Amino acid sequence: MEDRGSKEEKAIGVDNLTQDDQVKEEFSHIIDRNHLSKREYYWLWGSILVLAYCTSFEAAVSGGVQNYITAYFGVTSLTALLPTIMAALSTALVPLYTKVSDVFGRAGSLTFAFTSYLLGLIIAGSAHSYAHLGVGEIVNGIGATGINTLSQVVIADTTSLLQRGMMFAMYDVGQLINIWVSQALIDPLTLGGPRDKWRMAYIITGCVAGFGAIFFLIPLWHITIQLKRRQVARPPRRSLRWLLTEFDVVGAVLMTSSLALTCIPLMIARRTRNNWNDAGMITMMCLGASCFIALLVWYAKFATRPILSRKVWSNRTVFGGLMIMFLLKLMGHVSWQYLSQFLFISRDLSFGQIKLLVCGYGTGWLAAQLISAFIMRKWKCPRILIWVGIVVYITGCALMIPARHSHASSALIVLSQSMGGIGGGLAFLPCSVLVTGVVHKRDIASVIGATQILVWFGAGVGGAISGGIWTQYLPTQLHKYVTGPFDELRAMNDPLKYVKNLDPVTKAQVVEAYSSSQKLMSIVGLAFAALTLLCAAMLEHVDLEQDQDTQDRIAMGMDTKSQEDDDSIKVKAKN
């Protein structure tokens, strides 16, 4: 291992510079590992892991009771609506957070994110309607987006390329633990007693998340203040006008509008009187398409600071890696967005039992990320892992087609979910490492932001497709299979009371209609598999052992061979 002095020289590019030149380093909000003491580094990383556990606990518990909450409000068919709205907002929020954190610092930006995050939990926990719940979830999601994005940025700030995959995987260990911890709380929060006891979930998770926020912000603010004291230069004054110039407001608005106006009608059209003949639905779709065209024109002709940098997209490895992550999220949401509702109807299980049945996906994904991190660290073979992961993921999606039948073994569902999760984890983490390994250090935050944008974009588009199938295709299947009288709206939205209390013959026919809809979603998800394989073929070799200086020179198109020769001559001369 290199000594601390040599690391500092590499970090600030010292060859024959004087001590005064070294001190007059340009101020940066990047939390450079070389400027931290050993105690500060481990303190920061310990707090990051505690934060990861607390926020993942909130996500696991809240996510586990969401299906019950939508049924409680009688809007089961709109399960994908809030995630899609949040995905649309996040396409603007992710680049905004990365830009604001570069201007005002990681600590201040994360403090705002935590405030929004906790406020949203309070609003959602006190909701008395689905609209009220939606406001709380959106406010909470605004904060959660900032926490997830900026936590990844802090990890990238403080780790080398070779260690980055391991640190990303360690950040997700809390999720792996909480998949099982949260499962024990789902049934107590949804079965028996008052029907609105699900509100306790927000009280419990709010307390845990608040503790994690305080535990993380204390060392982060301490380190931020110490770094400012150690640097003679002061950050330049930035105005709101400068921020609006640097942040592509027009691009953000067009991107958010195009996604929201295109996707939301797919899920809500069925609830209008005239379905797709409704003028409002047609207007929204036309406006969404117009915003998308305007976005392309804006990026091609006018944008000076695009959200998704042209320089980043011009690299084939970055493009291929980002698109793989986008498609994996899209395929997963198309195939499994409504799986819990389907299992609740078809198998007469509690929500806690359903979570246990499908948790193989999350468990496999996170465990595979840890495994892939170890493999990359030892054998440096990220591209092989990506290919293997994609093939396994596609196999898991395909197995859901036979597993959907009510007479199919529960083991087949577990196998399908586990293979999908393992494949996704094996491919996703190496992609996230590769895309940050071929760009300059100053562009790492932008690449991470692009990753978060496309992950949210994939979730939004996938949720909209699955929501469209569920709300448009399911009614046709209900009329096809159900022979007796039934209430279409309640059959789609009220599994707790209406569907559970149907006579056995009618209920079996409703289950068959649900099964047919689940089959179509699995087939549509598999249709994107070919694109994923094509993107994997675009990835180029990346040396995971290269230091940051070498990576920066490669990203800038400099001749690394001549630089290495110069470095070796200097070392020999010194000896």
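Q: In this chain, what share of the contacts with a separation of 6 or more comes from residues 24 or more positions apart?
A: A contact means heavy atoms within 4.5 Å. Residues 24 or more positions apart account for 84% of the contacts with a separation of 6 or more. The model is a predicted one, in which local features need pLDDT of at least 70 and side-chain atom pairs count only at pLDDT 80 or more, while totals for chains, interfaces and linings use all residues. Residues are numbered from 1 along each chain as its sequence is written, and side-chain values use heavy atoms, with hydrogens and water left out.

Q: How many helices and strands does the chain have?
A: Helices (H or I, at least four residues) and strands (E, at least two) are DSSP runs, numbered from the N terminus. The chain has 24 helices and zero strands.

Q: What percentage of the residues count as buried?
A: Buried means under 20% relative accessible area, exposed over 50%, and partly exposed in between, with a 1.4 Å probe and protein chains only. Of the 575 residues, 54% count as buried. Q341, placed in helix α15, is buried at 4% relative accessibility. Beyond its neighbours within four places in sequence, Q341 is in contact with N67, T76 and T79. I375 in helix α16 is partly exposed, with a relative accessible area of 21%.

Q: How many aromatic pairs are there?
A: Rings of Phe, Tyr and Trp (its six-membered ring) pair if their centres lie within 6.5 Å; planes under 30 degrees apart count as stacked, over 60 as edge-to-face and the rest as tilted. The count by this rule is 18 aromatic pairs. In one of them, the ring centres of Y72 and F73 are 5.0 Å apart with planes at 80°, so this pair is edge-to-face.

Q: Are the rings of Y338 and W470 stacked or edge-to-face?
A: Their centres are 4.7 Å apart and their planes lie at 10°, so the pair is stacked. The pair links distant parts of the chain, 132 residues apart: Y338 is in the loop between α14 (316–336) and α15 (339–347), and W470 is in helix α19 (residues 444–481). Both Y338 and W470 are buried.

Q: Which ring does the charged end of K329 sit over?
A: A charge sits over a ring if NZ of Lys or CZ of Arg is within 6 Å of the ring centre and within 35 degrees of the ring normal. The charged end of K329 sits over the ring of F428, 5.9 Å from its centre. F428 also belongs to an aromatic cluster with W336, Y361, W365 and Y393.

Q: At what angle do helix α16 and helix α18 pack?
A: Two packed helices are described by the angle between their axes and the distance between the axes. Axes are lines fitted to C-alpha atoms, for helices over the stretch in contact, and angles run from 0 to 180 degrees between N-to-C directions. Helix α16 (residues 351–379) and helix α18 (residues 410–436) pack at about 35°, with their axes 6 Å apart.

Q: Where is D348 placed, and what is its phi?
A: Most residues other than glycine have a negative phi. D348 is not a glycine, yet has a positive phi of about 55°. D348 is in the loop between α15 and α16, and counts as partly exposed at 44% relative accessibility.
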